[in-house]
Amino acid sequence: MRNRHFLPGILLLLLPVVPAHAQTAIQQGFNRLYNLDFSGAHQSFDTWEKTHPTDPMGPVSHAADFLFAEFDRLGVLQSQFFIDDNRYESRKKEAPDPNMKTKFDQALNATDDLSSKALAANPDDSNAQFAKVFALGLRSDYAALIERRDLAAISYTKQSRAIAEQLLKEKPDAYDAYLAVGIENYLSGIKPAPVRWMLQLGGVQTDKEAGLRDLELTAAHGDLLAPFARLLLAVAALRDKDTAKACNLLSGLSARYPQNSLYRNEKQQRCH
């Protein structure tokens, strides 16, 4: 059972562009990350950490940067891997960078430490809850797409979704957290019925349409993860052979992040 983390549906809305001077260092870092400026993103996250040393969003943002840089180096984000199930199943095992993995793990361990301290002081700290959600999602992506440890990836996804649901009960406008709920439902929901049944026995949520709705909430209203949700939705549209919707999303991503060759190449290949 493969835990495909980059398979996705559609929404044509794009977030308004926030002026650079109004962005936080975290937001600037993620904009750089989506533009494949990984060193620039780390610089932005370093700036945030200097003034917010106890915020778990600092190290988890570094972890995301390390992971996306590794995905880019290995070429694992190309959507054809996730549109074609047979190609995905027969993909070769990646050769990860051990130095990157060490830094990735260190950043996630720092996230766990800071978020646990924050939640011990205030169990309703939504920022710390989201940092935990995000960290578990990153662990799941690494396990699934680089290590091919699918059972471990499913476990991380379930934990991430459970914390996200708790967060959203108290803060329903934490739109980035809908990504964690949506990914589990969508990815498990597109599997064959016998597999879905087995996943349900293990406590996994398998409602494809609900998953798409949650991904669309992040795509339309999310802060840091909206572009990632749009990529997932574009791939889902391609899987459903809805090229027009996919191209609308890819065009928006390509225009907003012109240095990202993935968005540009997918647009050129799929849209005419």
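Residues are numbered from 1 along each chain as its sequence is written, and side-chain values use heavy atoms, without hydrogens or water. In this predicted model, local features need pLDDT of at least 70 and side-chain atom pairs count only at pLDDT 80 or more, while totals for chains, interfaces and linings use all residues.

**Exercise 1. State how many helices and strands the protein has, and how much of the protein is buried.**

Solution. 
- Step 1: Apply the rule that helices (H or I, at least four residues) and strands (E, at least two) are DSSP runs, numbered from the N terminus.
- Step 2: The count gives 14 helices and zero strands.
- Step 3: Buried means under 20% relative accessible area, exposed over 50%, and partly exposed in between (1.4 Å probe, protein chains only).
- Step 4: Of the 272 residues, 54% are buried.

**Exercise 2. Compare the span of helix α13 with the expected one, and find what its buried residues pack against.**

Solution. 
- Step 1: The expected span is 1.5 Å times one less than the number of residues.
- Step 2: Helix α13 covers residues 243–256, which is 14 residues, and its first and last C-alpha atoms lie 20 Å apart, close to the expected 20 Å.
- Step 3: The buried residues of α13 are A246, C247, L249, L250, G252, L253 and S254.
- Step 4: An α-helix has 3.6 residues a turn, so residues three or four places apart point the same way.
- Step 5: The buried residues of α13 pack against α12 (226–239) and α14 (261–270), where contact means heavy atoms within 4.5 Å.
- Step 6: Q269 is found in α14, and its C-alpha atom is 10.0 Å from that of C247, 22 residues away along the chain.

**Exercise 3. Describe the largest nonpolar core and the contacts of L138.**

Solution. 
- Step 1: A nonpolar core is a set of buried Ala, Val, Leu, Ile, Met, Phe, Trp, Tyr and Cys residues joined through side-chain atoms within 4.5 Å.
- Step 2: The largest core has 68 residues, and F30, F104, F134 and L138 touch the most other members.
- Step 3: Helix α7 (residues 126–147) gives the largest share of this core, twelve residues.
- Step 4: Beyond its neighbours within four places in sequence, L138 is in contact with V60, A63, A64, L67, F104 and L108.
- Step 5: In soluble globular proteins, nonpolar side chains tend to be buried together.

**Exercise 4. Give the volume of the largest cavity and name the elements of its lining.**

Solution. 
- Step 1: On a 1 Å grid over the protein atoms alone, a cavity is a set of points where a 1.4 Å probe fits but cannot get out, and lining residues have an atom within 4 Å of a point.
- Step 2: Grid points are joined across faces, edges and corners, and the volume is the space filled by probe spheres set on the points.
- Step 3: The largest cavity holds about 250 Å³.
- Step 4: Its lining has 21 residues, with F134, G137, D141, L179 and I183 nearest the centre.
- Step 5: Two or more lining residues come from each of α1 (25–34), α3 (57–74), α7, α8 (150–170) and α9 (178–189).
- Step 6: The largest share, six residues, comes from α7.

**Exercise 5. Decide whether L36 and K241 are buried, partly exposed or exposed, and give their phi values.**

Solution. 
- Step 1: L36 is in the loop between α1 and α2 (38–51), and K241 is in the loop between α12 and α13.
- Step 2: L36 is partly exposed because its relative accessibility is 25%.
- Step 3: K241 is exposed because its relative accessible area is 73%.
- Step 4: Phi is positive in L36, at about 65 degrees, although L36 is not a glycine.
- Step 5: K241, also a residue other than glycine, has a positive phi near 60 degrees.

Note on methods:
On a 1 Å grid over the protein atoms alone, a cavity is a set of points where a 1.4 Å probe fits but cannot get out, and a pocket is an open set with protein on both sides within 12 Å along at least five of seven lines; lining residues have an atom within 4 Å of a point.
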